[in-house]
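Subject: Structure handover

Hello,

Please find the structure we talked about below. My notes come after it.

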Amino acid sequence: MASATVSRANRRSWVYIPLTMMALFYLVPMFVMLNTGFKSFAEISLATMWKLPTSLSIENFVAAWDALSPNLWNSVIIVVPAATISSLLGSVNGFVLSKWKFKGANVVFPLLLFGMFIPYQAILIPLVTFMSNIGLAGGTWGLVVVHVIYGIPITTLIFANFFRTIPDTLLEAAKVDGAGIYTIFRRIMIPLSVPAFVVVYIWQFTSAWNDFLFAVVLTNTEHWPVTVALNNLAGSQIIAWNVQMAASFLAAVPTLLIYIFLGRYFLQGMMSGALKE
Amino acid sequence: MTVESPETKSVSGRRKLFRMEHWWGVLWVLPSILAVMVFVYGFIGWTARVAVSAWKGLLPDYTFVGADNFVGLASDPRFHIDVRNTAIFTVVFILGCLAIGLGLAILLDKGIRAEGFYRSLFLFPMAISFIVTGVVWRWLMNPAQGDRLSGLNLLFDKVGLDFLINKWYATPTWGIAAVALPAVWQMSGYTMALYLAGLRAVPESLREAARVDGASELQLYRRVIMPLLWPVTLSAVIILGHISLKIFDLIIALAGKQVALDVPATYMWTTTFDGFFFGRGAAIGMVLLVSVAVLVVPYLWFTLRQDRA
């Protein structure tokens, strides 16, 4: 028995070769970002892109930080409230649409869900017009509102899928004990749904952080989040490519950290996007 | 799905209470429903109205012009480029993701050590924005030739794979295929995760049965496992397909506003917000919406119906 397992494991060891090659492929852009980032200005040259730095320097990151730090902060003050409000709203919607169904809930749910697939180009002109009219275009709060509203479908879906796994008997028992909707939601559902909160928060944080389209049409230069600023910086002829690499890395760090530490939850959010549980 | 709770059996007073509570639920979701009704469906209607208007320039002009904007697109050479680019991008992107995703999933499913490590590596690009991806890959795919060789071309030169040196996104006509590569880099891990979940759902007994019957590993995959993975492939094609139709950030970050690498989503943006051709922009938005809806609505319909059954 033991020898059979060993021989099977040996037979499988070739598997590591393609896997490792693919792993290297996925790491190439990271390598270039960091390798370039840690070189000194003197050592930067496109011809030596693949050579390791002779000595470590953080000049590029300092330059990138100088260029991007206001925008990184803008991103934070957009993304944190957006993700927080989205999670709360999603939990309420998900709860009602899965555990407190009303007549028509089965119609409302797919109509909500369709909202997460639409190309935003199809709502962009009214959105910009509307946000300007109500005075929310230009600043960061308008973007918070937009992320919350267009986040309703996915956050509702993730919470609804989660709440469906909670047995109805729990609800029935609480109802018999005289608990109303608020008590049931507040005392039973919220404490149980911490994992769903993590998934949704991470999902909304990541997608709002990575958003470009809404930000580019709804914020002015001063309030640009990091994606718009990075794209602008990369498009300019003044900022050297090495600083662009370091800047790209800075823009990617927050979501990468989330991925590294909370990747499991991130993946759950991803799978919900395919309507899979 | 469980059967609806037997509230009809309750006493009438309790029933009334349930009714009231029932309406509380509606009240709780009403703000979200209204917001989506306005910001999704209302705005789509508004865009449709703009699409049949003469609106050009900064001031709104809702003069009805019928299908003029759509007819204009049909004979617009730039829009032809967009459609062709989207087609090439979609094919390269979807096939690339499916091939790499399935391959990696099969390898990972062999029950290897460090599976979690590899899986995380293949998936991390998902966490990064398309803007970052675009900026970095623009340098990796630097098209400069000769002694200005850099990026991947330089790497190919160094390791003796000279024949792979190419002009990437600067290749005439097919440049858009190069733009699809970073998208494959970003989304193939996700496809892998979908396939891996599918493979894990294939019962071990089925594999054993096929092996006992003398099936080779290849036959096992071709005749037993692949047919079972069809639903996964279909989901993946729809999800990737709608991403592909909507692709925008990556193009902007990688290619800027070059017409050669234009797609409908970028054309809509430049014509509307740079050129102030609102009518035309709205028409492109509607074309995009319909193409995504054709792909997604049947999927949504069947998936949700299955859930309920």
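This is a predicted model: local features need pLDDT of at least 70, side-chain atom pairs count only at pLDDT 80 or more; totals for chains, interfaces and linings use all residues.

Residues are numbered from 1 along each chain as its sequence is written, chains are lettered from A and ligands numbered from 1 in the order in which they are written, and side-chain values use heavy atoms, with hydrogens and water left out.

The interface

Between chain A and chain B, 96 residues of chain A are in contact with 98 residues of chain B; contact means heavy atoms within 4.5 Å. The two chains bury about 8800 Å² between them, 76% of it on carbon and sulfur atoms. Buried area here is the accessible area (1.4 Å probe) that two parts lose on being put together, summed over both. On the side of chain A, the residues that lose the most area to chain B are A:Tyr26, A:Gln121 and A:Ile125, together 9% of what that side buries.

The rule finds 18 residue pairs in polar contact across this interface, with both residues at pLDDT 80 or more. A polar contact is a pair of N or O atoms within 3.5 Å; within protein, one must be able to donate a hydrogen and the other to accept it, and residues adjacent in sequence count only if both atoms are side-chain atoms. The count of salt bridges between chain A and chain B is zero. A salt bridge is a side-chain nitrogen of Lys or Arg within 4 Å of a carboxyl oxygen of Asp or Glu.

One residue with contacts in both chains is B:Thr47, which touches A:Ala122, A:Ile123, A:Pro126, B:Ala282 and B:Met286, not counting residues up to four places away in sequence. B:Thr47 lies in helix H1 (residues 12-51) of chain B. Helices (H or I, at least four residues) and strands (E, at least two) are DSSP runs, numbered from the N terminus. B:Thr47 counts as buried because its relative accessibility is 1%. Buried means under 20% relative accessible area, exposed over 50%, and partly exposed in between (1.4 Å probe, protein chains only).

Inside chain A

Helix H9 of chain A covers residues 194-210. Why call H9(A) largely enclosed by the rest of the structure? Twelve of its 17 residues are buried, among them A:Phe197, A:Trp203, A:Gln204 and A:Trp209.

A:Gln204 also makes a polar contact of 3.0 Å, side chain to side chain, with A:Ser86. A:Ser86 lies in helix H3 of chain A and is buried, at 1% relative accessibility. Its contacts, leaving out residues up to four places away in sequence, are A:His147, A:Val148, A:Thr155 and A:Gln204.

A:Leu68 is in helix H3 (residues 59-99) of chain A and is buried at 0% relative accessibility. A:Leu68 touches A:Val226, A:Ala229, A:Leu230, A:Leu233 and A:Ala247, again not counting residues up to four places away in sequence.

Salt bridges

How many salt bridges does a search of the whole structure find over all chains? The search finds 13. In one of them, the side chains of A:Asp168 and A:Lys99 meet at 2.7 Å, N to O. The pair links distant parts of the chain, 69 residues apart: A:Asp168 is in helix H7 (residues 168-176) and A:Lys99 in helix H3, both of chain A. A:Asp168 is partly exposed at 28%, whereas A:Lys99 is buried at 10%.

In chain B, B:Glu115 and B:Arg200 form a salt bridge of 3.2 Å, N to O. B:Glu115 lies in helix H4 and B:Arg200 in helix H7 of chain B, so the pair ties together parts that are 85 residues apart in sequence. B:Glu115 and B:Arg200 belong to a network of salt bridges that also includes B:Arg211 and B:Glu208.

Two positive phi angles

Most residues other than glycine have a negative phi. B:Ala114 has a phi near 65°; B:Ala114 sits in the loop between helix H3 (77-108) and helix H4 (115-123) of chain B, and is partly exposed at 42%. B:Trp168 has a positive phi of about 45°. B:Trp168 is in the loop between helix H6 (151-158) and helix H7 (175-200) of chain B, and is buried at 8% relative accessibility.

Regards

Conventions:
The expected span of a helix is 1.5 Å times one less than its number of residues.
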